[in-house]
Structure formats: structure tokens, C-alpha cells
Amino acid sequence: MKPSRPLFASLLLCLLEIGCATPERPDPWEPMNRKIFAFNETVDRYALEPVAKAWDFVLPDFAETGLDNFFNNLQMPTVFANDLLQWKPKAAFYDVLRLLYNTTFGLGGFIDIATMVEIPESDEDFGQTLGVWGVPSGPYLVMPLLGPYTIRSGFGQIVDATAASYAYTTPFWFGVAGLNGAETAGASIGQKGLELLNLRAIYLEDIAENRKEAFDYYVFIRNAYLQNRRARVLDQTATAVTEEEDLYYLDDEDGSADDEEEDYDDL
Amino acid sequence: MISEARFPLFRLRRGFVALLPAFAMLCGIALPVRSAEDASIAEEPRKLIEETADQIVSILARVDQPSEIRVREIEEIAYDIFDFTTMSKLVLARNWRKLDKSKRAEFVREFKRLLSRTYGTRLDRYNQEKVEVYGTQLEPRNDVSVKTRIVGGQFDGAEIAYRLRKRKDRWRIIDVVIEGVSLVSNYRSQFAEVLNGGTIDDLLAKMRDKNFTIDEEKTEAG
């Protein structure tokens with residue numbers, strides 16, 4: 001398929017001048033994004049979800065959690081690097097501690113001992129680091145098979161994944177196993193795939209419910225993703241740090257005095 | 001002029017240094033007063049959330065009871081602690097003004113059902129979790145955020161903030177923010193999308209439809 005020229009042009013324009021995605025208009029590529037989203041939904045319905053259901057049926061819950069812990073533990077070196085890049089030395093220290101605890105006492109990361117002994121957990125990636133450095137998030141982008149991103153978070157993930165694959169695969173594990181470059185790449189895709197499948201299995205019910213209850217599932221996901229990303233960059237997942245300044249303002253503020261008395265709750 | 005422009009850093013520093021005493025004074029006087037006020041204002045909403053969380057956890061813990069009964073009890077609590085009128089105004093934003101009294105009443109009723117059904121069905125699955133209230137924060141418009149954390153279960157460590165507003169002398173929840181995702185903002189964006197391509201009657205019809213489906217499934221499951 002020939003890449004469409006308007007799409008390419010708008011991509012280029014937006015990369016050059018990221019200002020085209022604003023808080024009021026975070027999704028300038030909505031028509032394209034919706035198509036990719038629909039494609040991903042179809043793939044999920046016919047491939048990922050059924051496999052995840054089988055996975056969930058075979059594996060007991062504690063095994064899924066254990067596997068999830070294992071993958072999270074693998075992330076720790078990149079979390080550590082990003083804590084340093086954002087100059088959070090205390091958090092970086094805890095990252096090292098977590099990695100040590102979980103890798104040893106936690107049997108290779110399957111048991112999250114670090115949380116049990118209350119070592120604070122931080123969640124940083126290179127996309128967030130870029131955000132802390134003042135790089136704007138850029139437009140919302142739905143990637144085929146991979147789902148929602150912003151330009152910034154997508155770029156960040158490429159950097160994180162590359163760094164992690166250098167740290168893990170090249171010098172050590174796959175060298176020992178005698179794999180070549182292509183096989184190494186295949187293995188790391190396989191690892192990501194397994195991680196995704198396991199996560200999908202953990203959230204089977206939640207995703208099914210959200211899908212059913214949403215008024216517009218595309219908008220539901222977009223809003224939740226962008227809010228959550230923003231809160232994580234600011235390290236403020238504990239409160240509402242909305243970009244919509246009017247979110248908590250009542251539109252009839254200037255209205256008559258009895259507005260406050262207006263009440264329909266008891267109907 | 002020129003010499004000043006050549007040492008912008010120095011100028012900045014000097015300006016900053018000059019401000020320091022004033023700043024220190026402000027901190028010294030304003031901070032303790034403010035935090036004392038913080039504590040007393042936030043105390044009531046904090047207690048409300050703590051007590052409600054305890055109540056709900058104890059209801060969920062009665063696993064031997066049929067889930068219908070437990071969900072109904074939780075719904076009763078939700079009816080009491082959420083300010084559905086304010087939430088409806090917030091999620092509809094500019095569109096609220098366009099509605100007459102009867103449509104407003106209809107919307108609040110459907111939204112109330114939607115929220116309690118949605119969260120009723122969900123809560124039913126969770127019974128190993130505890131809720132830890134660990135802080136409060138004063139927000140603009142005299143609102144208060146109560147910060148909580150889930151302990152145990154699948155969502156261990158998840159942060160949930162409740163935003164409360166005092167109206168008619170009662171503190172009630174006007175938003176739930178899960179890991180930085182505001183429920184009000186999320187519904188607002190979805191409703192805006194529906195209203196973009198349709199009328200308020202279309203939206204109301206959709207809401208009725210959803211509420212009906214959720215009810216149906218609950219009866220089937222029960």
C-alpha cells in the first residue's frame with residue numbers, strides 16, 4: 001500500500017511543529033486513529049482476547065501475578081536510569097534496592113518482596129523523562145497492534161526498549177544461548193508478546209466491562225490514556241491534575257442565587 | 001541599560017535576593033496558619049471517606065451473602081455520599097444550560113443509575129482489598145481531595161482520590177480520580193462526543209439503554 005500523501009505531510013508538519021496538538025485538540029489525527037483503533041479492536045476480539053482467556057483458564061491467578069512481577073522486575077534498570085535522568089536520586093536508590101530484593105529473595109522477580117517490605121515503587125520511563133525535560137507530548141497516536149501513544153511516549157518507549165535489549169539480550173542471555181541478531185530480535189518480541197498476553201489475561205473482566213459500558217470506547221480510552229500519562233509525568237496520580245481548567249466549574253456560576261438549592265438527587 | 005542587559009543572571013539573583021525576606025515572612029506567617037486551617041477544613045471530608053470505606057469493605061467482606069444484597073447496600077451508601085446534581089452539571093458542562101427542568105431531572109436520574117450500577121457490578125468482584133486513606137489536599141473552589149490507596153488484591157497500590165464539595169452544608173463526592181484519571185472528565189468527553197452528533201434525547205436514550213442492559217445482566221447473573 002502506498003503511504004497516503006496527506007497523512008505523511010501532516011505527520012511531518014506535526015513533528016516539525018508539535019504545537020498542532022493542543023490541550024483543547026489533543027487528537028488532530030482522529031480519523032486515522034479511529035481506523036487503527038477499530039483494527040486493533042478486531043485483532044483483539046479474534047486473536048488476543050481468546051488466547052488470553054485460554055491463558056487465564058490454564059494459569060492460576062497467582063502465576064499471572066508472579067509473571068507480571070517478573071516482567072516489572074525486568075523493567076527496573078530502565079526505571080532506574082530514568083529516575084537518574086530526572087534527577088531523583090532517592091527514587092533511583094530505591095529502584096536498586098527493589099531490584100536486589102526481588103531478584104534474590106523474590107526468586108528472580110516472581111514475588112514482589114520489595115513491596116511487602118514497603119520499599120517505595122517508582123514508575124518512570126523515557127517518555128516521562130522527556131516530559132519532565134519540557135518536551136511537549138505531541139499529538140495522540142494509535143499504533144497498529146500496540147495501542148495508544150503520544151508522539152513523546154512512543155519515542156520514549158523506543159529508547160527504553162532499545163536500552164533494555166542492549167542491557168539484557170546482546171551481551172548475555174542470547175549470546176550464551178548462541179542466538180544471532182535476528183533471533184535475538186525475535187526473542188525480545190516474543191518476550192514482549194508474552195508480557196502483553198499475560199497483562200491482557202489479568203484485565204479480562206475489566207476490559208470487557210469498560211468496552212460494554214462506554215458510550216464511545218475510542219473516546220473513553222483516549223481520555224483515560226492522556227489523563228493518566230499526564231498525571232504520571234507530573235508524578236501526581238494521587239489527585240486530579242486536569243488540563244481542562246473548567247472541569248470543576250459550574251457553567252451556571254453567574255446564574256441566580258437559588259442555583260445552589262437546585263437539587264435532583266432525591267428523584 | 002547595557003551593563004544590566006549584559007548581566008541578566010546577576011539581575012535575576014539580585015531581584016531574587018531582594019524578595020527573600022518578603023518570601024520568608026510570607027512562609028513564616030502564612031504556612032502554619034494555612035496548614036492549621038487545612039487540617040480543620042479537610043477533617044470532615046476525610047472522616048467521611050474513611051467511615052464510608054470501612055462500611056463498604058465490611059459489606060464486601062460478607063462473601064457468604066448473595067451479591068445482590070451487598071450491591072444494593074453499597075448503592076444505598078453511594079446515593080447518600082455522591083452529589084449527583086453537581087456531578088451532572090460538571091459532566092454536561094455547557095450543555096446543562098440548554099436543558100429545561102424536566103430534562104435535567106431525567107439526566108440526573110439516569111446518571112445516578114449509571115454510576116451506581118456500573119460501580120456496583122464492579123465492586124462485587126473485589127473483596128480482598130482494603131482502602132487506606134493517607135492524605136488530604138485543599139483544592140480551588142473550596143473543594144477537598146481525599147487521597148486513598150488500595151492495599152492488596154489485583155489493584156494493590158492503585159491511587160484513588162475523591163474530590164468533595166460542601167453544598168447545603170453537606171460534604172459530598174463530586175469526582176473520583178483513579179490513577180490520575182478523572183471520572184467526570186472521562187464521562188464529559190464521552191458525552192460531548194455523543195452530543196456532538198446527536199441531541200440530549202439521543203444521549204438519554206443511550207443511557208437508559210445501558211442501564212437496562214446492566215440490570216438485565218445482573219438479574220441473569222443473580
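## Close-up views of a predicted two-chain model

**View 1. Val177(B) and its partner at the end of the sheet of chain B.** In strand 5 of chain B, Ser182(B) is the bridge partner of Val177(B). Strands, like helices, are DSSP runs numbered from the N terminus (E, at least two residues, for strands; H or I, at least four, for helices). Strand 4 of chain B and strand 5 (residues 181-182) of chain B run antiparallel and are joined by 2 bridges. Two strands count as paired if DSSP finds at least two bridges between them. The two strands form a hairpin with 2 residues between them. In that turn, Glu179(B) has a positive phi of about 45°.

The model is predicted: local features need pLDDT of at least 70, side-chain atom pairs count only at pLDDT 80 or more, and totals for chains, interfaces and linings use all residues. Residues are numbered from 1 along each chain as its sequence is written, chains are lettered from A and ligands numbered from 1 in the order in which they are written, and side-chain values use heavy atoms, with hydrogens and water left out.

**View 2. Strands 3 and 4 of chain B.** Strand 3 (residues 159-167) of chain B pairs with strand 4 of chain B in the antiparallel sense, over 8 bridges. Arg163(B) stands opposite Asp175(B) of strand 4. A hairpin with 2 residues between the strands makes the connection. Lys168(B), in the turn, has a positive phi of about 50°. Strand 4 (residues 170-178) of chain B is mostly covered, with 7 of its 9 residues buried. Buried means under 20% relative accessible area, exposed over 50%, and partly exposed in between (1.4 Å probe, protein chains only).

**View 3. The whole sheet of chain B.** The 5 strands form an open, antiparallel sheet in the order 1-2-3-4-5. Strand 1 (130-138) and strand 5 of chain B stand at the edges with a single partner strand each, so one side of each has no neighbour in the sheet. Chain B has 7 helices and 5 strands. Its elements run α-α-α-α-α-β-β-β-β-β-α-α from the N terminus on. Of its 222 residues, 43% are buried.

View 4. Arg165(B) forms a salt bridge with Asp143(B), with the closest N and O atoms 2.8 Å apart. A salt bridge here is a side-chain nitrogen of Lys or Arg within 4 Å of a carboxyl oxygen of Asp or Glu. Arg165(B) lies in strand 3 of chain B, and Asp143(B) in the loop between strand 1 and strand 2 (144-151) of chain B. The two residues are 22 residues apart. Both Arg165(B) and Asp143(B) are buried.

**View 5. Helix 2 meets helix 10 in chain A.** Glu30(A) and Arg222(A) form a salt bridge, with the closest N and O atoms 3.2 Å apart. Glu30(A) lies in helix 2 of chain A and Arg222(A) in helix 10 of chain A, so the pair ties together parts that are 192 residues apart in sequence. Both Glu30(A) and Arg222(A) are buried.

**View 6. Arg98(A) and Glu121(A).** A salt bridge joins these side chains (3.9 Å, N to O). Arg98(A) sits in helix 4 (residues 89-104) of chain A. Glu121(A) is in the loop between helix 5 (113-116) and helix 6 of chain A, 23 residues apart from Arg98(A). Arg98(A) is buried, at a relative accessible area of 3%. Glu121(A) counts as exposed, at 56% relative accessibility.

**View 7. Gln128(A) in helix 6 of chain A.** Helix 6 spans residues 126-132 and holds Gln128(A). Gln128(A) is buried, with a relative accessible area of 0%. Beyond its neighbours within four places in sequence, its contacts (heavy atoms within 4.5 Å) include Gln86(A), Arg229(A) and Asp235(A).

**View 8. The interface of chains A and B.** Here 44 residues of chain A are in contact with 64 residues of chain B. There are 3 salt bridges between the chains. In one of them, the side chains of Glu193(B) and Arg34(A) meet (3.2 Å, N to O). Helix 2 (30-58), helix 9 (204-213) and helix 10 (217-233) of chain A each give two or more residues to the side that touches chain B. Helix 10 of chain A gives the most, with 8 residues.
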